[in-house]
Amino acid sequence: MGTLVSSDRTMLRRASKVGRKFSNPVPTAIGGLGTIFKLLPHYLTNKAETAPVKALGPFRTDVSIYAKAPESGLRVTWMGHSSLLVEIDGVRLLMDPVWDERASPMRWAGPKRFFAPTMRLEELPSVDVVLVSHDHFDHLGEATVRGLAGLESMRRAKWVTSLGVGEELRRFGVDAMRISEMDWTESLVVGGVEITAVPTRHFSGRSLFNRFETLWSAFVLKGPKHTVYFGADSGWWEGFAEIGAAYGPFDLTMLEIGAFDVMWDGIHLGPDGAARAFEALGGKGLMMPIHWGLFDLALHAWRQPITRIVELADERGIKLWAPEPGRPTEVVSGVELRSDWWR
């Protein structure tokens, strides 16, 4: 199943804690109840189309495609937001899976999906790794994890996550023997692909009362032929350049563009921050926008992140790779992909 090893890289370091709480790699303020009260007037007066007026989709995944390995060696199926099925050099990873109806602790309230899952959990092909970056509801869906844990096709999957999140996975039904928790700069090899957890500037917690008690991470996937950066959630910090120098260049760089606001720019990039981070990471290969298009988690119009990143890509010469939800799509070196499904 693979063994955790420590990185000997000196540019990046392990996560630190103060008491029970993990710390960000750079000082970062996280809003509490006061931020909610500040935002409330903006929510009440906001006129942006934060959720689609017209129904999206339906989008359907042709699961028969998975019977054949990708010719390029790298194929990605984006399910919306940060949920992805990544096939890289013979290894298949399901990343931050959320099939839940809402990104919320409640089934009857909270941000609701813009479109239905592109396939049923039971239709998923067998995977080698289920990767969970952190425990926020839009990255770790309880109903999804419980469903996956009961599938025969997932019995051999290794669950890889950040420190402390394994307890939540076990609580949702995942076999403890199949869980590997990782600190920043630790690596795990599965089927010839090295998975490395790297720092991000974010936070964790599934309530206001357990923030920072589990770790949050981005991940580098390095196979014999391809290298992918999965940025998960992060605000801007100078460490992007260090990560790029230590682990790049990347064939595909996945960076969050949605669910951002100036009031929390320390923990989310937004499209402008994503463009800046892509360049800091080395600016090579293709940039894939993630963390958008599925949930209403901020005040901006739901299309704003993708329209802005398209503008920035044209201005800065960034090659975008933005597929339609649910479509298994091969990544070909240097070849852009700009689906206009959102228009």
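Colleague: Why is Glu 87 called buried?

Modeller: Glu 87 has 5% relative accessibility. Buried means under 20% relative accessible area, exposed means over 50%, and partly exposed lies in between, with a 1.4 Å probe and protein chains only. Glu 87 therefore counts as buried. Arg 75, at 3%, counts as buried too.

Colleague: What kind of model is this, and how are residues numbered?

Modeller: The model is predicted: local features need pLDDT of at least 70, side-chain atom pairs count only at pLDDT 80 or more, and totals for chains, interfaces and linings use all residues. Residues are numbered from 1 along each chain as its sequence is written, and side-chain values use heavy atoms, with hydrogens and water left out.

Colleague: What makes Glu 87 and Arg 75 a salt bridge?

Modeller: A salt bridge is a side-chain nitrogen of Lys or Arg within 4 Å of a carboxyl oxygen of Asp or Glu. The closest N and O atoms of Glu 87 and Arg 75 are 2.7 Å apart, so the pair qualifies. Glu 87 lies in strand S5 (residues 84-88) and Arg 75 in strand S4 (residues 74-78), so the pair ties together parts twelve residues apart in sequence. Strands are DSSP runs of E, at least two residues, and helices are runs of H or I, at least four; both are numbered from the N terminus.

Colleague: How many salt bridges does the whole structure hold?

Modeller: The search finds 19. One of them joins the side chains of Glu 213 and Arg 20 at 3.2 Å, N to O. This pair links distant parts of the chain, 193 residues apart: Glu 213 is in the loop between S11 and S12, and Arg 20 in the loop between strand S2 (17-18) and strand S3 (21-22).

Colleague: Is Arg 20 buried or exposed?

Modeller: Arg 20 has a relative accessible area of 61%, so it is exposed. Glu 213, at 27%, counts as partly exposed.

Colleague: Why does the pair Lys 68 and Glu 71 count as a salt bridge?

Modeller: Their side chains meet at 3.8 Å, N to O, and the limit is 4 Å, so the pair counts. Lys 68, at 53% relative accessibility, counts as exposed, and so does Glu 71 at 70%.

Colleague: What makes Ser 207 partly exposed?

Modeller: Ser 207 has 33% relative accessibility, so it counts as partly exposed. Ser 207 is found in the loop between strand S11 (193-198) and strand S12 (218-222). Its side chain reaches the backbone nitrogen of Phe 209 at 3.0 Å. Ser 207 and Pro 105 are 102 residues apart in sequence and 8.5 Å apart in space, C-alpha to C-alpha.

Colleague: Which residues of helix H4 are buried?

Modeller: In H4 (residues 239-247) they are Gly 239, Phe 240, Ile 243, Gly 244, Ala 246 and Tyr 247. These residues pack against S11, S12, strand S13 (227-230) and helix H5 (270-280), where contact means heavy atoms within 4.5 Å.

Colleague: What does UniProt list for residues 92-292?

Modeller: An unreviewed UniProt entry lists "domain: Metallo-beta-lactamase" there; UniProt positions are given in the numbering used here, feature names are shortened, and annotations may be inferred rather than shown by experiment. Over residues 92-292 the chain is 17% helix and 23% strand, and the end C-alpha atoms are 23 Å apart.

Methods
Polar contact = N/O pair within 3.5 Å; in protein donor to acceptor, adjacent residues only side chain to side chain.
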